[in-house]
Amino acid sequence: MSDRDDIAERLAELAAAIDARDWESVRAAFLPNAHGYRKDGAEAIVRQISDHLGACGPTQHLLGNHRITVDGDTARSLTYARVHHSGAGAMAGKFFECMGEYDDRWVRTPEGWRLSSRVFDMRIFLGDFGVFGPAER
């Protein structure tokens, strides 16, 4: 598998892990000192995502238009995303959908490609942002 194909596969695995709420797999996608979702460190990134989606129903991250450049042991990927978030509980029947582009920086490690940085540029959004929030405890 080429580096480009491997990174595209890592992107798909991360999207599926977020949708499945598989936080261990999400954590493993990032370097321990990564920056993403306006947080520093893999633990803080996972906590940010899990808190954001805690009250949310099913989600689906659709990715496409991958533009991946590899330079030795580093890479950059620009990937379009369309993400649907279904409401749950009191927000059942509501949704939030956003479209934009992930700008990801990658580092090759002995375990494979890992994210060192992730930024999502949300360009279009529809629906009710109220579907998000921490799960009720």
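Predicted model: local features only at pLDDT ≥ 70, side-chain atom pairs only at ≥ 80, totals over all residues.
Strand 3 (residues 59-71) and strand 4 (residues 74-86) run antiparallel and are joined by 11 bridges.

Moving on from strand 4, we meet strand 5 (residues 95-109), which runs antiparallel to strand 4 and is joined to it by 13 bridges. Here alanine 75 has tryptophan 106 of strand 5 as its bridge partner. Elsewhere, strand 1 and strand 6 pair in the parallel sense, over three bridges. Glycine 36 has its bridge partner, arginine 118, in strand 6.

| Strands | Sense | Bridges |
|---|---|---|
| strand 3 and strand 4 | antiparallel | 11 bridges |
| strand 4 and strand 5 | antiparallel | 13 bridges |
| strand 1 and strand 6 | parallel | three bridges |

Now to the interior. In soluble globular proteins, nonpolar side chains tend to be buried together. The largest nonpolar core in this model has 30 residues, and those with the most contacts inside it are Ile7, Leu14, Val26, Phe30 and Trp106. Elements that each supply at least two residues of this core include helix 1 (3-20), helix 2 (23-29) and helix 3, along with strand 1, strand 4, strand 5 and strand 6. Helix 1 gives the most, with six residues. Trp106, one of the core residues with the most contacts, is also the partner of alanine 75 described above.

The largest pocket has a volume of about 510 Å³. Its lining has 21 residues, of which Tyr37, Arg38, His52, Phe120 and Met122 are the closest to its centre. Two or more lining residues come from each of strand 1 (30-36), helix 3 (42-53), strand 4, strand 5 and strand 6 (112-127). By type, the lining divides into 13 nonpolar, six polar and two charged residues.

Finally, the UniProt record, an unreviewed entry, places the feature "domain: SnoaL-like" at residues 2-118. That span is 32% helix and 49% strand, and its end C-alpha atoms lie 22 Å apart.

Terms used:
Residues numbered from 1 in each chain as written. Heavy atoms only, no water. UniProt positions renumbered as here; feature names shortened; annotations may be inferred. Helix = DSSP H or I, 4+ residues; strand = E, 2+ residues; numbered from the N terminus. Pairing = 2+ DSSP bridges. 1 Å grid on protein atoms, 1.4 Å probe; cavity = no way out; pocket = protein on both sides within 12 Å on 5 of 7 lines; lining within 4 Å. Points joined across faces, edges and corners; volume = space filled by probe spheres on them. Nonpolar A, V, L, I, M, F, W, Y, C, P; charged D, E, K, R; others polar. Core = buried A, V, L, I, M, F, W, Y, C linked by side-chain atoms within 4.5 Å. Buried < 20%, exposed > 50% of the residue type's maximum accessible area, 1.4 Å probe, protein only.
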